[in-house]
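Work through the exercises below with the structure open beside you. Try each task before you read its solution.

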Amino acid sequence: MKSFFKIMLALVMAFGFSVASVAAADETNSTDLTAESPSKVKPVFQGLPSSLEVGKKYKLTVNTEYVGELVDQGKFFFLISNGEKVESVKTTADRSKKKYTTTGYFTPKAEGTYILLFGIKQKSASGEIIEGNAETSFKPIDKNKINLTVSPNQITAKLGEEIPVLVTYNSNVTTKLEFNQKVTELGSSRKSGVYRKVFLWKPEKKGEYTLKVKASQTRYDRIETKEIKIVVE
């Protein structure tokens with residue numbers, strides 16, 4: 001926990017977030033990084049779906065109470081991500097509704113846990129700096145994951161036998177299968193986006209082999225591989 005707090009503190013110093021707010025979040029594990037104080041406001045994330053998909057573009061919206069002149073435009077920063085960043089960030093004021101609205105866009109690249117921080121600064125009529133910090137997290141899912149499997153994983157066979165191998169994978173786009181040994185496709189089926197294909201491999205001599213299977217989708221730049229250990233007696 002101490003090392004985590006040090007990291008958070010460094011990020012706070014680099015991006016202008018409130019040190020007191022981060023300390024409070026570390027102690028309470030709250031998703032709101034602001035404290036109950038006249039010098040604080042509470043930004044609120046709006047409309048973010050409960051479940052996100054990899055490869056899909058999302059709009060981020062944060063509303064913050066209007067208490068004075070904007071000092072720093074709202075900023076998004078990923079504490080944990082896969083290298084993504086929030087783009088086209090813009091903060092606009094709506095004095096009639098007494099709020100600032102900050103928007104931005106990002107596209108999750110991979111499955112995992114994302115932690116997103118937000119910070120904004122205003123100046124009151126008396127010249128006091130008013131800060132607002134918030135945090136949210138989400139776990140995108142990859143609906144286009146190949147989920148390549150092979151069966152069986154280990155085989156013992158006699159020389160001269162044709163060895164059947166079942167390969168399954170998910171796909172809604174063209175998927176290329178490659179083997180490091182010469183195989184013959186025996187049959188295939190597809191149901192609800194899941195492919196099942198049976199291949200035959202016939203060894204030419206006794207020994208231990210590793211049959212490698214690679215599935216690739218160039219459209220999504222995805223590659224998955226599996227191996228089968230084979231002993232031919």
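## Exercise 1: A residue in a strand

Find the residues that Thr136 touches, leaving out those up to four places away in sequence, and decide whether Thr136 is buried or exposed.

Solution. The model is a predicted one.
Step 1. Leaving out residues up to four places away in sequence, the contacts of Thr136 are Phe45, Leu48, Tyr114, Ile115 and Leu116.
Step 2. Thr136 belongs to strand S8, which covers residues 129-138.
Step 3. A residue is called buried when its relative accessible area is under 20%. Thr136 has a relative accessibility of 17%, so Thr136 counts as buried.

## Exercise 2: The chain as a whole

State how many helices and strands the chain has, and what share of its residues count as buried.

Solution.
Step 1. The chain contains two helices and 16 strands.
Step 2. It has 233 residues, and 37% of them count as buried.
Step 3. For contacts between residues at least 6 apart in sequence, 63% join residues at least 24 apart.
Step 4. The accessible surface of the chain is about 13900 Å², and carbon and sulfur atoms account for 48% of this surface.

## Exercise 3: Aromatic pairs

Classify the ring pair of Tyr58 and Phe106, then that of Phe179 and Phe199.

Solution.
Step 1. The whole structure holds twelve aromatic pairs.
Step 2. In the pair of Tyr58 and Phe106, the ring centres are 6.4 Å apart and the planes stand at 35°, so this pair is tilted.
Step 3. Tyr58 is in strand S3 (residues 58-65) and Phe106 is in strand S6 (residues 99-106), so the pair ties together parts 48 residues apart in sequence. Both Tyr58 and Phe106 are buried.
Step 4. The pair of Phe179 and Phe199 is also tilted, with 4.7 Å from centre to centre and 55° between the planes. Phe179 is in strand S12 (residues 176-179) and Phe199 in strand S14 (residues 194-201), so this pair ties together parts 20 residues apart in sequence. Phe199 is buried, at a relative accessible area of 7%.
Step 5. Ring pairs also join Tyr58, Phe78, Phe106, Tyr114 and Phe138 into a cluster.

## Exercise 4: A pocket

Give the volume of the second largest pocket and sort its lining by class.

Solution.
Step 1. The volume of the second largest pocket is about 170 Å³.
Step 2. Its lining includes Gln181, Thr184, Trp201, Glu204 and Tyr209.
Step 3. By class, the lining of this pocket has five nonpolar, two polar and four charged residues.

Methods. Residues numbered from 1 in each chain as written. Predicted model: local features only at pLDDT ≥ 70, side-chain atom pairs only at ≥ 80, totals over all residues. Heavy atoms only, no water. 1 Å grid on protein atoms, 1.4 Å probe; cavity = no way out; pocket = protein on both sides within 12 Å on 5 of 7 lines; lining within 4 Å. Points joined across faces, edges and corners; volume = space filled by probe spheres on them. Nonpolar A, V, L, I, M, F, W, Y, C, P; charged D, E, K, R; others polar. Helix = DSSP H or I, 4+ residues; strand = E, 2+ residues; numbered from the N terminus. Buried < 20%, exposed > 50% of the residue type's maximum accessible area, 1.4 Å probe, protein only. Contact = heavy atoms within 4.5 Å. Areas by Shrake-Rupley, 256 points an atom, 1.4 Å probe, with all protein chains shown as cover. Phe/Tyr/Trp six-rings, centres within 6.5 Å; stacked < 30°, edge-to-face > 60°.
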